Amino acid sequence: VWLEEEQQLRQETETKWDETKSKLKATTESNLDLTEKYESERNSLQLQIEELERVQSTLGEERQLRERTESKLGQVSKERNEMERKYLLESHQLQLKIDELKRTRVWLEEEQKLQQNTATELNTSTESNLDL
């Protein structure tokens, strides 16, 4: 009887041991599959992180370029405004000189007419005096 119980116990133990080994094997295989999936996902995420870092770097460079461009555009705009201001000032000053030269020309023409009239009067007066 004791031998039969021991044999039955041994058989139950072997059955449980086989079940445990089977479960352990299935768990190990599942863990290996999960590990492979995890590694694959981790590698994929690492590649995505690297790509995002490159994009971020590119965006940073583009932002710096845009800021420099905007700064230069601001400087060019200031210079253009200054040139326009100088142009308007010089244009106004030239117009004043032109107006002054026109007045001088008119004055000189009047002065020349006056001298011609005076010369004509002198000639007439001189001829008149000579006739006397």
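A: Glutamate 70 counts as partly exposed in this predicted model, at 48% relative accessibility. That label applies because the value falls between the limits, with buried meaning under 20% and exposed meaning over 50%. The partner of glutamate 70 is arginine 66, and the two form a salt bridge in which the closest N and O atoms are 3.7 Å apart. Arginine 66 is also partly exposed, at 46% relative accessibility. Both residues lie in helix α1, four residues apart, and this spacing is about one turn of the helix.

The pair is one case of a count that comes to eight salt bridges. Among the others is the one between arginine 105 and glutamate 109, where the closest N and O atoms are 3.8 Å apart. Here too the two residues belong to helix α1 and sit four residues apart, about one turn of the helix. Arginine 105 has a relative accessibility of 49% and counts as partly exposed, and glutamate 109 is partly exposed with a relative accessible area of 40%.

Another of the salt bridges joins the side chains of glutamate 39 and arginine 42, with an N to O distance of 3.0 Å. Glutamate 39 and arginine 42 are three residues apart in helix α1, which covers residues 2–131, and that spacing is again about one turn of the helix. Glutamate 39 has a relative accessible area of 32%, so it is partly exposed. Arginine 42, at 40%, is partly exposed as well.

Now to the chain that holds these pairs. The chain has one helix and zero strands. Its radius of gyration is 55 Å, well over the 14 Å that the globule rule gives for 132 residues, so the chain is more spread out than a compact globule. Taken along the principal axes, the C-alpha atoms fill a box of roughly 190 × 15 × 10 Å.

Burial and surface can be read next. Buried residues make up 0% of the 132 residues in the chain. The accessible surface comes to about 13000 Å², and carbon and sulfur atoms account for 55% of that area.

Terms used: Residues are numbered from 1 along each chain as its sequence is written. This is a predicted model: local features need pLDDT of at least 70, side-chain atom pairs count only at pLDDT 80 or more; totals for chains, interfaces and linings use all residues. Side-chain values use heavy atoms; hydrogens and water are left out. The radius of gyration is taken over C-alpha atoms; the globule rule is 2.2 Å times the number of residues to the power 0.38. Buried means under 20% relative accessible area, exposed over 50%, partly exposed in between (1.4 Å probe, protein chains only). Accessible areas come from the Shrake-Rupley method with a 1.4 Å probe; for residues, only the protein chains shown count as cover. A salt bridge is a side-chain nitrogen of Lys or Arg within 4 Å of a carboxyl oxygen of Asp or Glu.
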